[in-house]
Structure formats: structure tokens, C-alpha cells
Amino acid sequence: MKKKIVAAIVLTSWLVLVTIFMLLAESFDLEIFFVLWLIGILIVTELLDAASVHPGSMRYVHIQIAAGVIVFGAIVLQKVMEILA
Amino acid sequence: MTHRMPITIVIVIGIIALATLLFFARSPVLYSFENTSAETKYHVNTGPLMAQPLNSTTDVYPLMQDLLNRPASITLDIRLRDPDSAIADFVAYEKTFGKLDNLVINLDMNQSEIKNFAMSTQAQDQILHQLANDTATLDSIKDLQIRFRSSQDPDIMISVNYQGAALQKRLSELYGRYLNEHQKVLPVSTKLGLDTTQYNQSTVEFQRILREADVFATGTGQLRTLASGGPYLSLAIEPDHAVYRDTISIVGHLVSSENDGNITLSMDGNPISNFTPDENGVYIGSFMVERIPAGTHSVVAKASNITSFPVLFTVTLVDSTTTLKARPDPRGHAATCSGTVLANRPIRYAPFTVRENNQTIFSGTTDGGGAFNVSVPLSAGTHILVARFDAPEYPVNISESKPVTVYISSSGFSLSYLRVPALLGVVTAILAASCGGAYLYLRRKKIIGPFMAKPTKKPAAIRKDQGDLLVLPGPEWSREAISHGTIPEDGNVLSRYEQARDAQGLSEAAYLAYRLLTGRIAGLRHIVRHLTRTPREIVHACRDAAYEAAVTRFVSAYERIRYAGGRSAGDQAEFRESLVQADETTGGGRD
């Protein structure tokens, strides 16, 4: 099985698991969901990414992660402002 | 794992997710109020979430029909003096109106006839509320009329009848307003095919109520004649029992040749309000029970030369609740105390105190909403504070908040002076960290071990044929093979590969070619211990070199033969071709 398929299945499973727990807790929080997605994709990418082989698709994944890091920074900023306000 | 396994896994995951959602299908409340905190200002108004929007024009007509039917029931309740049923009808009426109003907004019908219908029904609702209040006042006046009829006091009877006449006049005006709205609603209802039978009945009931007050209108002329005998001033109030912030209605009549047009209402000897009577000498007004102590009070009306009979009314005590929140003031050596003082309604502009150890340390006044937010000076240390409402001038019981503990730092240092710069610093730092993190993530290079040896000084020129000098001793077989002359020591890479293939087989020949090439690359790229590196690491070492693509192709073909067991003619042809290309691009020549 290709690595890409394994990665997609693992990430999907992770997000479904997160969703199920949020539904069971009756508290669906998009911010937490986003952060957990970011953690998941970081782990999957780190395990998938090789030192010498660079598929073209990985570049887009890296851009997504970089954008996710910026959004994560915005979430942290919002939380800090709520605490300071 | 078969090729169907991924699909199977996705299907299983989907089934699990759907099965989980099934638990919420009957009551799909994902954002329950219990589990959703409303700590920020963005979440305080959760009321709209409770709204159940209707989104179909077919839902309009039943609501309109219900609104048309309800006034008849309300007017009948009012006429029959059934307040409980009237209140229930009012609640249902307003609920239906609320639904219609939401629907008008949701369906964007703000310019339509239905919007006009809704506005008229809302106006009628207010008129019917006024009718209910006026009917109660009418009953009170009738009671007064019966009570004083036997007293044979013409002044009191005249006063009561004038009050009744004033009320009758107001009811007539109310009926006129109701008919006006009725004329607006009727054409729309008829056009939409709604049944207006009951709606028309409401005007009939309204007229019957109006006729009950006609007795005062017909007697006004006679009463005016009777009143001409001497000056008098009457006063009636409704209701005669009240609690905090109830509104007391006042009605009275002044007949005096020396009328200067000003009547002062006094309670317990203290003026509380002024009124101006109309051309018939009737005055109507109201005042609110706020800073009036509990108990029975005497109210009199005074004109320039005459005083009414005193009227008594009773104010009843209500319980109150005081809350307090306290936190250290960032300006240092103080606590910010906030809270509310509530009774049946918020107690506005009420005095309150903040106490510690039963000693008052701060006094203040609530705002118009019964809330306060003050800074209380405190010494360093731990303080247990209580907010207290104790104002005997209000008809409200004393109340105290729960004790709140607040700690004031001894340093008195505060970040308030640095608040704006600190905030800007925090914002800048977080944004810079996130953007920098994203940049570094994109620019990072994955390094596995000490791959590239950093040259400490400029290496000596390496001849092409020195590549093999860096090759570590290979397996014994190859050295033996060379010594026995089965593996050629001379010739270019391609010829040595072909001879080795015939002698040792494809895999061993590929390995020989790989070693020859990597030895050359190690010399060119200053790679130490290159035989300990994997083929892909060798490819990585060729990054940005002119021969990177050729080496990559060669390594790919090499892996197919050595690791994947490729023996096909295609694999051999690809390997040979990639070998020639890599040999040429890396310098070629004799190895």
C-alpha cells in the first residue's frame, strides 16, 4: 500500500476519533479540532517525509502545515487577548 | 494487506461515525447551553439560539388566522372580568405575534402587506392591554361610586363621576384607535382569504365594554351643574397596594374658580409630583414606587386654595439579592469590586456598602441597571469582602452578598502602566513566532546523522582516477575475483560492468558499477565513508549538482535490480542506459 494512502487513512481515523469524542462530550470546539488536526498532520508528515526523496505532493502538505502554524498563532493570540481583556 | 483494505477501513470508520451520530439524531444538540461557556462578551446573547425559525410562506397563514381569532377572546375575557383567561390569551397572542414577526424577518417581507398586518396586530395588542387596565380602573371607580352613594356627599360623588367621565373619554379614544387598526387589518385578511368572523366580533365586545362607561358620560353635565356650588378637588389612585417599582395611576378632578392650573401631589406631606388638569378640570398621571419606605402612606392633591381628601395606599416589602465579584486592581493597592443589587427588579441608584469584618470600607450607588463596578482601596494582604444593601428608604429588605476573598500584592507593582506596550509586545511576539515558525518549517532541511563532512581546509585536487582510492575494501569475493582475473581491472565503467555481468551475474555487476560510480562521486563531493551510505543518501549528496538527475536515475535502476530483484530485459536496458549517462555526467573515463 502506498504511503500516501496510509497517511490519509491515519489522518482521517485520527480526525474521526477526535470528532467522536467531541460529540460524546456534546462540546464541539472548532479551535481544539483544528489544533488536533495540526498535531496529527505534523506527526504523519514527520514519519512520512524522507531525507532524500521529496515527492511533489509533500510541498503542498508543508505549505498547509505552515499556514496551520500561522492560524495556530492567531488562536493563541486570541486566547491571550481574552485572558488579558 | 490487499488493495481493498483501504476502502474497507474507510467504510468501517464511516459506519462508526454514523453510528455515533445516531445517538444524537433524536436530539441533535451539539452546542448545549450546559456545556457551552458564555464567559466572553461574544457569547452573552444566547437568546437568538433558542429561536425556532420558520422558513416557509405556508407557515404565515395559520399564524395570521390565530392572530385574527385571538382579540375576540381577549375582549370577551375583559368584559367578563376574567383576568386569568385574559392573561393566558395575551401570552398566546404575543407568542404568535413573535413567530409571525420572526417569519417576516426571515422571509424578508419587510415591505409587504403582511408586515403591515403584523404592525397593526402589535398595535392592537397594546390597545387591548390598555383596555384591560382601564377596565380595572373603571371597576374601581364604580366601587367608589357605590361606596359613596349612600354618604350623600355631593362633592365626592361629583369627583367620582368626573373620574368616570375621564375614563370613558379615554376608552372612547382607545376604541377609535382600535377601529383604525381594524380597518387596516381587515382588507389584508380578506385578500388572503382568512376568516374574519371572530375578528369582527372583537369590535362588538369592545363596544359593549365601552357602553359600561357610558353612565359617566351622560351624567357629566348634571355633575358640572352640581359642582358649580363650590370649589372641590378629588383624587383616586390605582392600585392601592404596590411593591418596589410598581406604577401608581392617579386620576382626579378639580373645580375651582381660582384654578391656577397646577396641582401638587404630596405623600406623607412631601411633594412628589405636579399635574396640570385639562379644560374639564380632570387630571391623570402616575408615579413609580421607588424611594418610598414600606408601609401605609397618605396621598393628597393640593391646588392653590383647596386640598383633596387623603387617599391611603400600602407599599409592601420585597426581598433583595446582592452579588459581589472582586479582583485585585491592576493599579495596585485596591480591588475592583463589581456586582448587582436586585429585588423584583434591579434596584437603581440604590446605596450599597462594601464591608470587611463588619466595618464599612466603601460606600457607593448602583447605576440605572442596579449594578456597580468600583475600585475599593485596600492594604496589601488578604481581604474578605462583602457587599451589603441596607436602605430603609426603599421598600426592599436588607441583603448581603457571599464573602469574597481577594489578595492584594505587597509590591503594589502594576502592569497597568505597561498595559498597551505589553499588549503590543505580546501580539507582536506571538505573530512573529507563528510566522517565523511557519517560515522555518518550510525552509528546514532534514538531516540524518553527520552526512556531509564539512571541509576544514581546501582539499587537494583529486584526480578522476582517485575515486577508487576512497573505496573501502569490498567483500572478499570481489577481491578474489579481481586477483584471479575474472573481474577486469581496466576499462571504463560500462565495459567492466558488462564483463562482471557475464562472469558474476547481473546483481553483482550492478553492485560493481554502483561502487565505481559512488567512489567517483565521493571524490567529487568529499563524502567520507561513502560505502556506509545508502544509495538514496548518495543521491541526496548530489543535490544541486549537474549530474543529480543522472545519478538519481541510475540509483533508481540500481535499486530495482539489487533490491527488487529486477531481471527483465527492460530493467537491464534501463540500468545500462542510466549507467552510461551517470558515467558521462560524472566525468567518465577510466576508473
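Let's start just after helix H11 of chain B, where B:Gly505 takes a positive phi of about 105°. A quick word on what we're looking at: this is a predicted model, where local features need pLDDT of at least 70, side-chain atom pairs count only at pLDDT 80 or more, and totals for chains, interfaces and linings use all residues. Residues are numbered from 1 along each chain as its sequence is written, and chains are lettered from A and ligands numbered from 1 in the order in which they are written.

Now, H11(B) itself covers residues 493-504; helices here are DSSP runs of H or I, at least four residues, numbered from the N terminus. Its 12 residues should span 16 Å, and the end C-alpha atoms are 16 Å apart, which agrees. That expectation is 1.5 Å times one less than the number of residues.

Which residues of H11(B) are buried? They are B:Val493, B:Arg496, B:Tyr497 and B:Ala500, where buried means 20 or more other C-beta atoms within 10 Å of the residue's own, and exposed means 12 or fewer, with C-beta atoms placed from the backbone. On the face turned away sit the exposed B:Ser495 and B:Asp502.

And the cover? It includes helices H12 (506-525) and H15 (569-585) of chain B, counting contacts as C-beta atoms, placed from the backbone, within 7 Å.

Finally, H12(B) also meets H14(B), with contacting residues including B:Tyr514 on H12(B) and B:Phe554 on H14(B).

Note on methods. Helices (H or I, at least four residues) and strands (E, at least two) are DSSP runs, numbered from the N terminus. Two residues are in contact if their C-beta atoms, placed from the backbone, lie within 7 Å.
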